[in-house]
Amino acid sequence: MKLSNIKRFWISFILSIPMLIQMFAMPFHWMMPGYNWIALITTTIIMAISALPYWKSAIAAFKKHSANMNTLVATGTAVAYFYSIFAMITNRPVYFESAAFVTVFVLLGDAMEEKMHDNASNALGKLMGLQAKDAEVQRDGKFVKIPLDQVKVGDIIRVKPGEKIPVDGEILEGVTTLDESMVTGESMPVVKKVGDTVVGSTINSNGTITFKATKVGSDTMLAQIVDLVKKAQTSHAPIQNLTDKISNIFVPAVMIIAILTFIIWYSFLGATAVEAMLFAVSVIVIACPCALGLATPTALMVGTARSAKMGVLIKNGEVLQEVSDLDTVVFDKTGTITVGKPEVTDVIGNKKQVLTIAASLEESSEHPLATAIVKKAKAEKLTIEKVDDFEAIEGKGVKANYKGKTAFVGSDRLLADVNISQEMTQEATDLQNEAKTVVYIGLDGEIIGLVAIQDVPKPSSREAIKELRERGLKTIMLTGDNKNVAEAIAKQVGIDQVIAGVLPNEKAMHIKKLQDQGKKVAFVGDGINDAPALSTADVGIAMGSGTDIAIDSGGIVLVQNDLRGVVRALDISKKTFNRIKLNLFWALIYNTIGIPIAAGLFVGLGFTLSPELAGLAMAFSSVSVVGSSLMLNKTKIAGETAKA
């Protein structure tokens, strides 16, 4: 049976108590009866149960012609243990306590790490435990309560005030406010009405709603959040490779220093073999770079857990390192900077004809502009006609056979092939100057009308972009929309640069161009057409309201559909990575200072370290790194008050 580090620590600590008593009794010249045999038996059990994993790891590394942190622990404890057996046989002083207490103190650091990992896992477990246990589902025209695991996609569910939302879904009836703080980090209740989405495990505050289940089980947002955080906590940042390289050089170097320490003390400084051995063992133990190994994973664990509570999901450690070098943030426009729910504001031409043709061609499209046109036509109670030979023209629009004539709906990229009057051109320009997107409607090779659609910026966009610019980041809007419209929106929110008229398949290319200029680029988007750009960018940030493919392509996912989350994401990522660097610096400095003291260079000044004290000092180094990582829970992040 495999024991946890915490159990191994307590076993070794309890077994070492007789040796601890003897250590305190020695100044009073008291010797525990049968001490050597007691020490031999208890230390042997400690070596067999608690130290064995370190020995196995060291042997496995040796077989691969390499060395790791456990090499130093195994070597130090083995030397002290086997020498003490030899000393016991030859009636010399034994040092079983050195082997025992080194193991105890090394395990203290490991147990601290394991405890923190368990706490992080328990926090995620508690998050999953917040799920409702059952749901009130419509069956045969009546609402009945059933266990949560029996709920299926498409089920109609009713939730009353004060109850938890059981699964993700879309509201069919009712208005309410939801407390979504547990998954978004947003403390203010959110108003929800027909057509809005609800997230499983959030709390319904005041109204009764009926909704259709869209995601259940492992597909719900809460389950995906937990899964993403688990993966992030077990991932490695590239800087971890530096740690591994340092260990591969550091460990053999320490072994050489320990051997030289023994030789110099025994051969040149007049120490006995036992004294020289103790100096060498102290060097091996104090140099154990356990803190070096803890520096990255502990900070990563704390940082990703905290960011998840804030509605920022960091998928892996690599993202943290990339964020620290960013100098440019590129945004998609629709649904990212803007609300993403555009509405028709103007119709130029024969209103009934223009809207009917536009809605008939756009009815099957899921594009936000198409949705706005169809919604307007239905509001005007117009009949949407059937069309034939429908064809989508990438990045330009659509065309089809409408009542025997070729009709088309699209952007100004279609104008090269059709006739448009000077008056209509001026109308389009005037509308674009008002930050409205113009859709051209054509029939038989001629533009017969215009539909102006406006999508306003999100209230938070200007504030978020201002904060990014204050941090020295350049902001760029990358959109397929008309240049005039894009620039008008950019002016409203304070964007530095606009790249407009970009076809969907060109977004990734523009990101690559920026990277070729030496820029470190983050891209923020939410649509299917954003997926290539999200993957190409150094850091892809997907809006949580976006499509599944966009979310899968992003390295960071913002649960809230709010650009202030970008600032939070960059802040927590930078601070986590900076904490990793601080941890590595502390661990290396600690070892560098400790080795000369352990080797006896300052004996003349009264500074020495016995193996057990070296073990305690090394454990303190590990605990210090863990404590440093936990400080991430107190650091202040943009838009949030520092908290414990």
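**A walk through the model, from salt bridges to cores**

Let's start with Lys-520, which has a relative accessible area of 30% and so counts as partly exposed. Partly exposed covers the range between the buried cut-off of under 20% and the exposed cut-off of over 50%. Keep in mind that you're looking at a predicted model.

What does the side chain of Lys-520 meet in a salt bridge? The partner is Glu-322, with 4.0 Å from N to O. This pair reaches across distant parts of the chain: Lys-520 sits in the loop between α18 and β20, while Glu-322 belongs to helix α11, 198 residues away.

A search of the whole structure turns up 22 salt bridges. Another of them joins Glu-136 and Arg-158, whose closest N and O atoms are 2.6 Å apart. Because Glu-136 is in strand β1 and Arg-158 is in strand β3, this bridge ties together parts that lie 22 residues apart in sequence. Is Glu-136 buried or exposed? Its relative accessibility is 10%, so Glu-136 counts as buried. Arg-158, at 25%, counts as partly exposed.

Now find Glu-391 and Lys-399, whose side chains also meet in a salt bridge, at 3.9 Å from N to O. Glu-391 has a relative accessibility of 40%, so it counts as partly exposed, and Lys-399 gets the partly exposed label too, at 32%. Elsewhere, salt bridges with shared partners link Glu-322, Lys-520 and Asp-538 into one network.

Next, some strands. Strand β13 (residues 388-393) pairs with strand β14 (residues 397-402) in the antiparallel sense, over 4 bridges. Within that pairing, Asp-388 stands opposite Asn-401 of β14. On we go to strand β15 (residues 405-410), which pairs with β14, again antiparallel, over 6 bridges. Here Tyr-402 has Lys-405 of β15 as its bridge partner. The hairpin of β14 and β15 has 2 residues between the strands, and Lys-403 takes a positive phi near 55° there. While you look at strands, remember that in a regular strand the side chains alternate between the two faces of the sheet.

Time to go inside. The largest nonpolar core has 55 residues, and Met-19, Trp-55 and Phe-96 have the most contacts within it. Several helices supply at least two residues each, including α3, α4, α8 and α21. Which helix gives the largest share? That's α5, with 10 residues.

Why does Ser-307 count as buried? Because its relative accessibility is 0%, and buried means under 20%. Leaving out neighbours within four places in sequence, Ser-307 is in contact with Val-312, Ile-314 and Ile-572.

Trp-10, Phe-13, Ile-14, Ile-17, Ile-21, Phe-28 and Trp-30 make a nonpolar patch of about 740 Å². Helices α1 and α2 each supply at least two of the patch residues, and α1 gives the most, with 3. Ile-14 lies in α1. With a relative accessible area of 51%, Ile-14 is exposed, because the cut-off for that label is over 50%.

Key. Residues are numbered from 1 along each chain as its sequence is written. This is a predicted model: local features need pLDDT of at least 70, side-chain atom pairs count only at pLDDT 80 or more; totals for chains, interfaces and linings use all residues. Side-chain values use heavy atoms; hydrogens and water are left out. Two strands pair if DSSP finds at least two bridges between them. A nonpolar core is a set of buried Ala, Val, Leu, Ile, Met, Phe, Trp, Tyr and Cys residues joined through side-chain atoms within 4.5 Å. Buried means under 20% relative accessible area, exposed over 50%, partly exposed in between (1.4 Å probe, protein chains only). Patches are made of residues with over 30% relative accessible area and no salt bridge: like charges are joined within 9 Å, nonpolar side chains (Val, Leu, Ile, Met, Phe, Trp, Tyr) within 5 Å. Accessible areas come from the Shrake-Rupley method with a 1.4 Å probe; for residues, only the protein chains shown count as cover. Contact means heavy atoms within 4.5 Å.
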